[in-house]
Every structure is written in structure tokens, then in C-alpha cells.
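Please have the sequence and the model in view while reading.

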Amino acid sequence: MARMSTLQDTPTGYGTVTRALHWGMAALFAWQFASAILRVVAEDTAIEKFFWSTHYSVGFTLWVLVLLRGAWGLANLRRRPRPEGSAAVARAARLGHLALYLLMIAVPSLALLRSAGSGRGLTVWGVEVIARGGEQVRALTAPGSALHAPLGWALLVLIVGHVAMALWHGHVRGDATLTRMTRGSSDRPAAQA
Ligand code: HEM
């Protein structure tokens, strides 16, 4: 059967919009975690300063994209491919994806709440999105200060697990999970559970 490229998802593969969001966000997450890792291992170096100067703007962009992606995912929920593998593997995949979404929303949201309550404002790609000034509001800053970094690292661990499982599906189990997100609709038959 000829491979079709559609905007929407289908039961045999992800459409153009889902794949563009997935790979565009993967590239931005790689950049975002590079800035976080450099902040820990190479603080005050030129490369760290360069990457860290983008952390707020890339983080805000990821926040907007994850909301769009969540809305698009919900709109396509009934059309999407079902997870492959045994019942236990499929359940683990659903739980893993749910945790990824929750953290992808919570991590930047906590930082943005902290910015909103800090009085320092927030400028994204040169545009002021939260005005500077006003008193610090601890109820808004405290959750971000306590949780943004630890949940950010937890998100990195989940992303590494997600990549490992995708490679396992594609190269060890040999099912269509990986090609559905790289090439879209796949005519590769589902592997036996
Ligand atoms: C999905 C998006 C984001 C991810 C994955 C992320 C990840 C991280 C990580 C892992 C750290 C810890 C670095 C360390 O241990 O020193 C961190 C720190 C930080 N991030 Fe983000 N971040 C995101 C979005 C944002 C946004 C939108 C802002 C600002 C509005 C922001 C502001 C900060 C600040 C100020 C710190 C240092 C203070 C702290 O550790 O909480 N981040 N980020």
C-alpha cells in the first residue's frame, strides 16, 4: 500500500502536524537541556552564557508548543495508532507518555509562575511578555524555586527512557512504532505481542 502523508494522524501513522511538533520540540528540548547541563558543569564560561541566554525564550516557546501539541493530540486521540507490544508494554507506554506530558507542561509553567511573581518580569525573544515591577509574591515564586529544577531533571530522565524504548521498538522488537513517527503511515505489519 502506498504511504500517504496526511495532516491528521491515522491508525497506521502520525500525520505531518504531529511529526513536525514532535521533532521540532525534540530539537528544542535538546537545546534546552544543553543550557541546563552547561549551567551545572561549565558555569560562567562563554558557551554556558550563550546557551543560558536562550533558556527563558526557548523554555517559553516549548510551553506554547506543548499546549498546542496537547490540544492537537486530544483532537486526534481516536485516530491515533495504538501502542504495540504486550498489554503490560502498552500500559507502560501510555503511563510514560502521560508522565511526559504532565512534566512538559509543569516544568515551564512553574518557571513562568515564578517569573510572574518575582517582579523581575519576563522578556521572550526581545518581547516583554510579563511586565517588570511590583512586589514579590511568594505563593507564585516558591513552587518554581522548589520544583522547576528537580522536575526538569526528572523530565530529562523520562526523555532518555522514551528514546531508549523507541529504539528498542524499532531495532530490537522490529515493530512499526518508530517509523510511524519518522515516516508517518507505515505499511509494516504489527509484530506479534
Ligand atoms: C520545558 C522547558 C524547560 C526545561 C526543560 C527547563 C529545565 C531546567 C533545568 C533542568 C534546570 C536546572 C538547572 C540547574 O540545576 O542549575 C533549570 C533551571 C532554571 N530554569 Fe528552566 N527549564 C525550562 C523552562 C524555563 C523557563 C520558561 C524559564 C523562565 C521563565 C526557566 C528558568 C529557569 C531558571 C531561572 C533556572 C535556575 C533556577 C532554578 O534552578 O530553578 N526555565 N531549568
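Predicted model: local features only at pLDDT ≥ 70, side-chain atom pairs only at ≥ 80, totals over all residues.

A polar contact is a pair of N or O atoms within 3.5 Å. A polar atom of the Arg 39 side chain lies 2.9 Å from an oxygen atom of the ligand. For Trp 153, the distance from a polar side-chain atom to an oxygen atom of the ligand is 3.2 Å.

The wider surroundings can be described next. There are 22 residues around the ligand, and those that come nearest are Gln 32, Arg 39, His 55, Arg 114 and His 148. By class, this shell comprises 14 nonpolar, six polar and two charged residues. At least two shell residues come from each of helix H1 (16-41), helix H3 (55-75), helix H4 (87-118) and helix H5 (138-173). The ligand itself sits in the second largest pocket.

Is Gly 152 buried or exposed? Its relative accessible area is 10%; because buried means under 20%, Gly 152 is classed as buried. Beyond its neighbours within four places in sequence, Gly 152 is in contact with Phe 33, Val 107 and Leu 147. Between Gly 152 and Thr 45 there is a separation of 107 residues in sequence, and their C-alpha atoms are 22 Å apart in space.

Key
Residues numbered from 1 in each chain as written. Heavy atoms only, no water. Near = heavy atom within 4 Å. Polar contact = N/O pair within 3.5 Å; in protein donor to acceptor, adjacent residues only side chain to side chain. 1 Å grid on protein atoms, 1.4 Å probe; cavity = no way out; pocket = protein on both sides within 12 Å on 5 of 7 lines; lining within 4 Å. Sits in = over half its atoms within 2 Å of the grid points. Helix = DSSP H or I, 4+ residues; strand = E, 2+ residues; numbered from the N terminus. Nonpolar A, V, L, I, M, F, W, Y, C, P; charged D, E, K, R; others polar. Buried < 20%, exposed > 50% of the residue type's maximum accessible area, 1.4 Å probe, protein only. Contact = heavy atoms within 4.5 Å.
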